[in-house]
Amino acid sequence: MLLSVVMPLHRVQGHLRAALRSVTEETSVGWELIAVDAGAPDGGPDIAREFAARDPRVRVLRAEGVREHPEGAARNAGAAEARGDYLLFLDGDDLLLPGALEAVAGRLAADRPDVLRLGHDLADWWGVARPGDDTLPAARNQLFRRAFWTAHRLRFTEGPYGDVVPVHRAALLAADAGTLAVLDRVCVRHRLRRTGTFATTPGRAHFAVVDAYARLAAETGGDPRVHALRTAHLAAVLADPGRIAPEDRRAFFRAAALPGRYASHRTREAVRDQRARARTTLGAGRKALRAQVMRAAYRTDLHRSLDPHLAVYGAYWNRGVACNPAAVHAKARELAPHIRGVWAVSSRHLDRMPPGVPYVIEGSRAYWRAMATATYLVNNSSFPGGFTKRPGQVYLQTHHGTPLKTMGLDQLPYPALTGGVSYERILAHADQWDLSLSANPHTTEVWERAYPAGYEHLAAGYPRNDVYFTTTPERTGKIRAELGIAPGRTVLLYAPTHRDYRKGFVPHLDAERLARDLGEEYVLLVRAHYFYRSPAGRPAGERAVDVTGHPSVEELCLASDALITDYSSLMFDYACLDRPVITYAPDWAAYRAARGTYLDLLSGRPGDTPGAVATTQDELRELLLTGAWRSPETAVLRTAFRERFCPYDDGHAAERVVRRLFSLGPG
């Protein structure tokens, strides 16, 4: 085996899947991947175990006794278990670029060096890449012959800057032996994270780099080459405002014993600070421009005290009381009656407001006062108008579905359909969140990568799904009766989603024909996406009923015996009912190409495919008439899908959210 890839797992769940895939998709050479759980507080180890279950070349280990900076201990543990001829230490936010291993194998075949330096680059959260900096030693862009690593007892040190000693020692030893080689090709990409890492968090912890070079000097017997390496690295750390805060620079300069006088460094700092002030002034100018648009009353209200008993709710861009915010609001009235909840609603959707529910109209004087003074903000999309979130306000972003199609920054590779999207505004919005509701580990992983910001993940399930566990059979029967469904009928809910690449509701199913083919035993309920309100062109009859205008999709799900959908996130919620889900995907290839997806619904893999699959109306008809839609095989798929995407849903999600949001204590 040529290569052992060692990958620590620590707070990288949003990026880990792509990192693992970049290795496992390589087929040109023999490799193994050792993922080491370094006490990860997130879902990273579970993701790695998914890969290990599918690919025997992937192993997951546990590094015991890890500390605040556990990556070094994890790499050492992985290296001790490695079996490949060479070691490559990648992090969970690194990528092995396509064709890299083939190029590496070709270079190693030439002279089998002890150390092979790889070309590398860095990519920010926008996907913009720039060349890597070789001044800062990193294990990710080096290959080490395992026998060489072991013979010289090379190990990563504990704590920050654990790469310094082993990476530099290996390079110096290989250089002396004439076994240091370079591959002039970008093989590894390090992905910078917007939420920051140790390397981008200023503080005195970065003084540890001085001690790291002291250890290197001791282990190399005072090798004079270490001085040049040390000076270059410490100067780079000092110049990086993401590492050394302005108030600590003089102390770091002295601790580092850098050549020259601090005055020259201070001059450079003054230039850098001047540029930073210019950027701040520009940002303030933008804020001032936005503030001029706001009503003068809002500017005044921003100086009022926050109302500790006021919460503002919103859903689907101010369309009314719906989704997770509605369930949170209802439970808050029960458990936290001291909290006054008001809804932000567009004047176009006032007809959707239930009687007796307080509301403020978007853009009105009352709206801006509520936004300025409410302590709690709850939304599944965003509040309008570019409001200023104040210190002390708590914003819960509930989202409105488990992501199947790409979201947030993951949409960047699909510019054709996102040309009007401002990713800067997306990130500015995510910066306002304090809590981000998560329905399942998959969602947590995606949100962390797609909306990188400093919020807390609230893994509580979806409050809107509580009704699937608490509704009685009697209530379900009443809902069916209200819909005009005769007893004994099999009810199929057809709920397609919208297409980014098409305008208007263009059904891919002739519902009337399907209803006729199925016969009187069946009733087909057709619900278009909420983007489309007009019933024009959709069926209306006894067996094919347009229910797009029905106020509660949850009631429609409860009334049905099975769901037929294409790519709607409703499938993830419907799985809570443990009833058949039929994927009807006549344009799957076009949909994936246009927007990108996180799952392959047509793969037939447990956990990815929720049940029976049809790609034409004839196939769908046959599934229904033959009973294949509710076979033992589809039941197995449904169970796996439910286990993956409904692990937190149990009928008590709203209570958990309310208690966390309003600090009511444990449920």
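**Cores and helix packing in a predicted model**

Leaving aside neighbours within four places in sequence, Leu33 is in contact (heavy atoms within 4.5 Å) with Val5, Met7, Leu20, Val23, Arg57, Val58 and Arg59. This is a predicted model, in which local features need pLDDT of at least 70, side-chain atom pairs count only at pLDDT 80 or more, and totals for chains, interfaces and linings use all residues. Residues are numbered from 1 along each chain as its sequence is written, and side-chain values use heavy atoms, with hydrogens and water left out.

**Nonpolar cores**

- Leu3, Leu33, Leu118 and Leu143 touch the most other members of the largest nonpolar core, which has 34 residues. Such a core is a set of buried Ala, Val, Leu, Ile, Met, Phe, Trp, Tyr and Cys residues joined through side-chain atoms within 4.5 Å. Buried means under 20% relative accessible area, with a 1.4 Å probe and protein chains only.
- Elements that each supply at least two residues of this core include strand S1 (3-9), helix H1 (13-24), strand S2 (31-37) and helix H4 (100-111). Helices (H or I, at least four residues) and strands (E, at least two) are DSSP runs, numbered from the N terminus.
- H4 gives the largest share of this core, 5 residues.
- A second, separate core has 32 residues, among them Cys557, Leu558, Cys576 and Cys646.

**Helices H12 and H24**

- The axes of H12 (residues 323-335) and H24 (residues 653-661) come within 9 Å and cross at roughly 70°. Axes are lines fitted to C-alpha atoms, for helices over the stretch in contact, and angles run from 0 to 180 degrees between N-to-C directions.
- H12 and H24 are therefore roughly perpendicular to each other (65 to 115 degrees).
- H12 contributes Ala327, Val328, Lys331, Ala332 and Leu335 to the contact, and H24 contributes Ala654, Glu655, Val657, Val658 and Arg659.
- The residues of this contact divide into 7 nonpolar, no polar and 3 charged.

- Ala653, Ala654, Val657, Val658, Arg659 and Leu661 of H24 are buried.
- The cover over the buried residues of H24 includes H12 and strands S13 (374-379), S14 (394-397), S15 (435-438) and S16 (456-459).

**Helices H18 and H22**

- The axes of H18 (residues 511-518) and H22 (residues 617-626) come within 10 Å and cross at roughly 30°.
- That makes H18 roughly parallel to H22 (under 35 degrees).
- Arg513, Leu514, Asp517 and Leu518 of H18 meet Gln617, Asp618, Leu620, Arg621, Leu624 and Leu625 of H22.
- This contact of H18 with H22 divides into 5 nonpolar, 1 polar and 4 charged residues.

Notes: Angles under 35 degrees count as roughly parallel, over 145 as roughly antiparallel, 65 to 115 as roughly perpendicular and the rest as oblique. Ala, Val, Leu, Ile, Met, Phe, Trp, Tyr, Cys and Pro count as nonpolar, Asp, Glu, Lys and Arg as charged, and the others, Gly among them, as polar. Buried means under 20% relative accessible area, exposed over 50%, partly exposed in between (1.4 Å probe, protein chains only).
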